[in-house]
Amino acid sequence: MGIVAGLDSSSEYTRIVVCDTDTGAVVRQGYAPHPVPGSTGGGEDGTGAAAGRRTETDPQAWLLSLGDAAAGGVLEGVRAIGVSAQQNGLVALDEAGDPVRPALVGNDRRAQTAAADLVDALGGREAWAQAVGAVPQAAQPVAKLRWLARHEPEAARRVAEVLQPHDWLAWQLLGRPPRRTTDRGDASGTGYWSAATESWRADLAELALGHPVKLPEVLGPAEPAGHTPEGLLISAGTGETMAAAFGLGVGPGDAVVSLGASGSVFSVHHQALAEPTGMITSLADATGMHLPVVHTLNAVRALRGAADLLGTSLEGLSELALTSTPGSHGLVLLPYLEGERTPDLPHTAGTLAGLRRESMKPEHLARAAFEGMLCGLADALDVLRGRGVSVGRVFLLGPAAGLPAVQAIAPALLGAQVVVPEPADYTALGAARQAAWALGVAQGTLSPQQPPMWPAPAGRVLEPGEELAVGQAVRQQYVTVREQTHPGAFG
């Protein structure tokens with residue numbers, strides 16, 4: 001069939017992978033940072049995103065970055081392109097299709113109050129969970145619309161249509177046709193599309209902004225967005241989480257644990273899940289299935305805090321932790337350093353329990369940090385299991401997944417086989433796989449129900465083995481402290 005390309009337009013860069021349509025083998029790559037100066041919108045004072053994190057940018061920067069990444073003939077011979085981009089961005093367009101202001105992106109804390117206002121406006125968290133499978137958060141487009149209406153009313157009045165970054169990029173590649181499109185995956189993160197009903201809730205976008213706006217057409221997984229003037233097929237595209245899952249080949253029975261400063265746990269499931277308190281965010285995937293997600297506010301930040309306290313690096317903390325024993329000599333860290341979202345404890349702090357003279361050693365604190373982080377993520381995983389999600393295998397993503405202590409401790413605490421994939425841009429690979437699917441359907445060589453069967457990524461497979469019982473005892477120690485400190489946190 002030839003070659004296809006996948007674009008990963010993240011918050012900081014554009015990466016392109018060009019793949020063989022039949023085997024998925026990468027034949028060329030391109031990369032370029034976004035030509036945007038430092039962050040805008042404030043820092044850790046609650047007026048913007050975390051220091052250094054961009055909260056708004058000119059969308060043209062994404063196109064400039066794409067052009068730089070494609071320089072030198074990277075896209076030569078490509079027959080289809082899949083576009084993936086950072087989620088939760090908002091590109092607000094006027095009647096002429098021009099942005100009314102820079103795009104709002106990132107985890108913009110300015111919209112925290114707007115999100116809380118929206119929760120109350122619809123009648124509470126459960127009302128939102130039933131409506132769209134998610135409770136508004138500051139990062140979501142629905143909260144950004146409310147913020148825009150409250151803080152920039154003149155710009156808000158000019159908004160006629162709203163897109164997300166992947167939608168806008170695909171539209172630009174197609175030559176700005178009258179038809180604007182998105183996919184179910186990216187739509188499911190807006191706060192005004194329901195994964196359960198597979199439809200927009202335009203009334204919620206209007207509730208946020210104060211007047212009706214146009215929303216893009218939602219395409220099926222293998223449906224093309226269109227063709228460029230040169231005849232190049234552009235697939236539906238999707239958000240970065242969905243593209244990464246598709247690139248990894250995640251399927252039913254799999255979960256993905258992402259280890260960033262905060263954490264997330266998601267799995268592939270056959271139906272949308274609504275959770276009354278909002279702990280589960282009901283997203284759709286890039287294949288026609290669903291991606292229920294549970295977020296934690298604390299993951300690697302707990303490790304960095306412990307490393308700073310002990311005057312070492314993450315690698316040094318890992319070495320220290322492995323000289324301790326399971327259970328950390330009775331030390332238990334509840335890693336709620338920034339409050340917590342799972343369980344819902346936004347105003348709490350972390351807790352270090354079990355201090356005794358014999359446990360007050362650096363290696364025990366180091367291990368307690370790893371055990372606390374992983375037990376917090378296991379709590380998130382159990383939220384999904386409690387709703388009937390089967391988890392037989394867990395993919396660990398993020399640089400911290402390579403730490404020896406994480407790999408030694410995770411299988412027994414998570415209670416499943418753990419896979420640590422080799423480093424790769426799985427987001428771009430997922431976008432390329434989608435492009436190959438759409439191309440194959442258009443040519444009649446693939447079914448709309450069956451994506452191309454690319455090989456699973458290489459990685460290290462870790463089994464809980466004989467350590468499972470010990471790991472579950474450590475989990476119980478953690479749960480006991482959590483329930484004593486925050487009784488009924490999980491209802």
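Biologist: Which residues does Leu 259 touch, leaving out those up to four places away in sequence?
Modeller: In this predicted model, Leu 259 touches Val 300, Met 373, Leu 377, Leu 396, Leu 397, Gly 398, Ala 400, Ala 401 and Val 406. Contact means heavy atoms within 4.5 Å.

Biologist: Which members of the largest nonpolar core touch the most other members?
Modeller: That core has 57 residues, and those touching the most other members are Leu 259, Leu 303, Phe 370, Met 373, Val 394, Leu 396 and Val 418. A nonpolar core joins buried Ala, Val, Leu, Ile, Met, Phe, Trp, Tyr and Cys through side-chain atoms within 4.5 Å. Buried is under 20% relative accessible area, exposed over 50%, and partly exposed in between (1.4 Å probe, protein chains only).

Biologist: And which helix gives the largest share of this core?
Modeller: Helix α12 (residues 362–385) does, with 14 residues. Helices (H or I, at least four residues) and strands (E, at least two) are DSSP runs numbered from the N terminus. Another core, of 31 residues, lies apart from the largest one and includes Met 242, Val 256, Val 268 and Ala 435.

Biologist: Before we go on, what confidence limits apply?
Modeller: Local features need pLDDT of at least 70 and side-chain atom pairs 80 or more, while totals for chains, interfaces and linings use all residues. Numbering starts from 1 along each chain, and side-chain values use heavy atoms, without hydrogens or water.

Biologist: Back to helices, then. Which residues of α8 are buried?
Modeller: Leu 204, Ala 205, Ala 208 and Leu 209 are the buried residues of α8, which spans residues 202–209. They cover an arc of only 125° around the axis, so they sit on the same side of α8; the arc is that of the directions from the helix axis to the C-beta atoms.

Biologist: What covers them?
Modeller: The cover includes α2 (112–122), α3 (125–132), α4 (141–151) and α5 (153–158). After α8 comes Gly 210, with a positive phi near 100°.

Biologist: Why is α13 described as largely enclosed?
Modeller: Because nine of the 11 residues of α13 (residues 404–414) are buried. These are Ala 405, Val 406, Gln 407, Ile 409, Ala 410, Pro 411, Ala 412, Leu 413 and Leu 414. Gly 415 follows α13, and the phi of Gly 415 is positive, near 70°.

Biologist: Now Gln 417: where is it placed, and what is it in contact with?
Modeller: Gln 417 belongs to strand β23 (residues 417–421). Leaving aside neighbours within four places in sequence, Gln 417 is in contact with Gly 392, Arg 393, Val 394, Val 461, Leu 462, Glu 463 and Pro 464. With a relative accessible area of 22%, Gln 417 is partly exposed.

Biologist: What is the phi of Glu 198, and of His 329?
Modeller: Neither residue is a glycine, yet phi is positive, about 55° for Glu 198 and about 60° for His 329. Glu 198 is in the loop between β10 (193–194) and β11 (199–200), whereas His 329 is in the loop between α11 (314–321) and β20. Glu 198 is partly exposed at 39% relative accessibility, and His 329 is partly exposed at 41%.
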